[in-house]
Amino acid sequence: MKYIILFLFTILIISCKGQNAKTMEHQYTNDLINETSPYLLQHAHNPVDWNPWNEKTLAEAKSKNKLILISVGYAACHWCHVMEHESFEDSLVAQVMNKNFVNIKVDREERPDVDQVYMSAVQLMTGSGGWPMNVIALPDGRPVWGGTYFKKEQWIDALKQISKIYIEKPEKLNEYANKLEQGIKALDVVQLNTNEPTFEKSYIEEALANWSKQFDTNFGGINRAPKFMMPNNYHFLLRYAHQNQDKKLKDFVDLTLKKMAYGGVFDQIGGGFSRYSVDDKWHVPHFEKMLYDNGQLVSLYADAYLITKNELYKDIVTETLEYVKNDMTTEHGAFYSSLDADSNTPNGELEEGAFYVWTKSELKSLLNDDFELFSEYYNINNYGFWEHDNYVLIRKDDDASIIEKHNITKSILNNKKAHWKQTLLKVRNKRAKPRLDDKTLTSWNAIMLKGYIDAYRVFENKDYIASAEKNATFIIENQLRNDGGLNHNYKDGKSSINGYLEDYATTIDAFIALYENTLNEKWLTTARDLANYSFDHFFDSSSKMFYFTSNEDASLVSRSIEYRDNVIPASNSIMAKNLFKLSHYFDNEHFANTAITMLNNVKPEMLEYPSGYSNWYDLMLNYSAPYYEVAIVGLDAKQKIKQLNQTYIPNKLIAGSTSENNMPLLENRYNPNETLIYVCVNKACKLPVSNVDKAIKLIKQ
């Protein structure tokens with residue numbers, strides 16, 4: 001199907017080469033000014049007749065029988081800004097767009113459902129995708145042409161060609177739309193796998209053998225550029241290596257985490273990670289900072305610290321959460337979405353990375369006698385050089401090597417590092433800051449919430465759990481509706497957009513973790529209720545998977561099932577793991593069977609591209625090796641949970657109570673005179689113990 005579509009697409013474009021259309025004077029009416037999305041507001045003063053994605057706009061296209069031009073991006077997207085400046089701010093381009101199309105601007109973060117459908121179309125048509133994404137569709141919304149970034153001349157030429165075909169040979173576009181629609185609907189079809197579910201370690205080993213051929217053993221990550229952090233990949237690999245005493249794999253994950261922490265992709269001065277590096281050594285980032293990356297990376301580095309006790313990993317967690325607190329958190333405990341890649345130079349021009357980079361002369365004047373040591377530590381040399389006399393700070397050597405080479409103490413080096421960061425941060429904060437996308441997304445907030453919980457679990461910092469509970473309360477009070485459903489977006493005091501599966505999956509995941517660390521059952525019962533709501537409104541009874549959109553949402557070209565893991569794990573893989581855990585907590589056979597069926601459905605694809613199924617492989621580990629239910633009951637339950645959490649045990653869940661409790665894992669186990677720990681597998685329990693070390697020994701046995 002993909003190759004047929006690519007062929008038809010090529011024929012279509014060739015047939016319209018050299019066609020032109022006249023332009024006309026036009027008084028534009030841009031309807032984005034009333035939107036709340038920072039990305040849409042960035043385009044609110046373009047001469048293009050932009051409209052938001054809504055029923056009114058789609059009805060207008062049908063009534064006027066006009067082609068729809070759908071342009072999708074997000075606030076932190078560098079090339080989105082470039083195309084806006086080159087094309088959408090240009091009055092001649094606007095004339096062509098306004099005459100021939102109903103123009104719709106979409107914030108992909110607000111409307112991931114729209115983004116998914118048209119991204120699938122672009123990938124079928126061109127073989128790749130990205131943002132900005134630009135698609136032309138028939139008045140009924142079915143796509144007929146698309147791509148990503150276009151230069152001004154290419155853009156005008158393409159718009160004129162498609163417009164002329166629509167006027168002169170509309171049947172060609174209709175024929176193509178039919179083929180493309182079939183292709184889009186076929187992309188995310190999941191067949192019910194009726195084979196007996198078998199989840200064995202040998203299957204995972206085969207996948208790892210294929211996957212490991214792509215490992216970069218010099219700088220970590222995958223052996224290519226650009227490099228994305230893909231935190232779920234390394235979370236799974238870390239867990240597998242630990243559970244199976246695979247030293248080689250553990251060393252590779254350790255190398256990856258170290259190199260990412262050393263790289264310019266981590267903000268060495270202000271903390272927090274950028275979205276990816278454009279090179280293979282994690283040096284020069286695409287400077288946008290996304291909330292979802294930082295939430296997942298906090299969780300990953302916290303667990304890595306628990307295993308290795310590497311102080312570098314603790315520093316990464318500390319500095320990232322400091323960044324989130326300072327730059328990404330509202331007074332109500334919600335989290336903003338992103339910081340732009342671009343910021344203004346001293347000349348007032350938007351430039352990628354301007355806020356973050358340094359010249360050698362700047363650093364010399366700021367650091368004086370410390371410059372030589374600083375320049376070696378952060379490679380103000382050929383290794384750290386970027387472009388235009390600018391350096392992106394990157395580490396190459398560990399602290400021990402620097403200490404030995406310069407014959408200084410660890411304390412002296414730490415003091416110097418703190419002074420350097422304080423000095424440079426003070427200067428940097430006087431620069432024009434990157435633009436902030438200040439909308440709050442439920443799914444991304446839940447990911448960051450989970451990061452705070454994991455950091456608390458490992459480091460026992462009370463500020464972390466306070467931030468977690470504050471954010472969870474914000475979600476309950478602002479995003480959870482009276483009907484039991486979630487909204488996706490929050491901005492300027494208003495909660496909006498019916499939630500997607502990703503909102504439910506990530507929130508359930510975070511609330512289960514919050515219960516495990518606080519024993520407040522409100523979070524666990526809310527997680528269960530959200531799961532039940534998901535079955536009512538998202539579940540596909542034929543495939544036993546979950547749709548991305550609710551059955552209450554307006555129909556799109558295709559109702560997709562998101563199951564391939566990406567930078568964020570697929571909503572279905574997160575949900576399957578949630579159901580696995582909830583089935584244990586509530587002895588719910590329906591939840592248990594659904595989780596097994598979902599994993600079994602995806603299994604036939606998982607060997608082809610293991611990194612795209614890492615969260616599913618993580619779930620498979622729960623079935624291919626013992627998984628422990630740890631019930632801790634008694635007055636000292638919370639303290640014993642803290643002790644237990646100081647050992648990395650990924651194949652467990654925790655249930656606990658400081659009083660009588662009728663939850664299946666806790667019922668009839670309370671003893672007012674003693675706090676007991678029950679270690680169970682599939683409801684079969686060892687004799688209870690009161691000592692945490694003994695409980696850990698039972699698990700390791």
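A crossing of two helices is called left-handed if the near helix is turned anticlockwise from the far one by less than a right angle, and right-handed if clockwise. The model described here is predicted, so local features need pLDDT of at least 70 and side-chain atom pairs count only at pLDDT 80 or more, while totals for chains, interfaces and linings use all residues. Residues are numbered from 1 along each chain as its sequence is written, and side-chain values use heavy atoms, with hydrogens and water left out.

Helices and strands are DSSP runs numbered from the N terminus (helices H or I, at least four residues; strands E, at least two). Two packed helices are described by the angle between their axes and the distance between the axes. The axes are lines fitted to C-alpha atoms, for helices over the stretch in contact, and angles run from 0 to 180 degrees between N-to-C directions.

Helix α12 (residues 291–308) packs against helix α18 (residues 442–459) at an angle of about 20°, and their axes are 8 Å apart. That angle makes α12 roughly parallel to α18; angles under 35 degrees count as roughly parallel, over 145 as roughly antiparallel, 65 to 115 as roughly perpendicular and the rest as oblique. The crossing of α12 and α18 is left-handed. In the contact (heavy atoms within 4.5 Å), the residues of α12 include Leu-291, Tyr-292 and Leu-306, and those of α18 include Trp-444, Ile-447 and Phe-459. By class, twelve nonpolar, six polar and four charged residues form the contact of α12 with α18. Here Ala, Val, Leu, Ile, Met, Phe, Trp, Tyr, Cys and Pro count as nonpolar, Asp, Glu, Lys and Arg as charged, and the others, Gly among them, as polar.

Lys-201, Tyr-203, Ile-204, Ala-207 and Trp-211 of α9 make the contact with Ser-614, Tyr-617, Met-620, Leu-621 and Ser-624 of α24. The classes in the contact of α9 with α24 are seven nonpolar, two polar and one charged.

The strands come next; two strands pair if DSSP finds at least two bridges between them. Two bridges join β9 to strand β10 (residues 338–339) in the antiparallel sense, and Lys-289 has Leu-339 in β10 as its bridge partner.

Another open sheet of three strands, also with antiparallel pairing, has the order β16-β17-β18. Its edge strands are β16 (440–441) and β18 (494–498), each pairing on one side only. Strand β17 (residues 487–491) pairs with β18 over four bridges, and Asn-489 stands opposite Ser-496 in β18.

Finally, strand β21 (residues 628–633) runs parallel to β22, joined by six bridges, with Tyr-628 opposite Lys-652 in β22. Six of the six residues of β22 are buried, so β22 is largely enclosed by the rest of the structure. Buried means under 20% relative accessible area, exposed over 50%, and partly exposed in between (1.4 Å probe, protein chains only). Asn-651 lies in the loop between α25 (637–644) and β22 (652–657). With 10% relative accessibility, Asn-651 counts as buried. Not counting residues up to four places away in sequence, Asn-651 touches Arg-239, Gln-243, Pro-626, Tyr-627 and Tyr-628.
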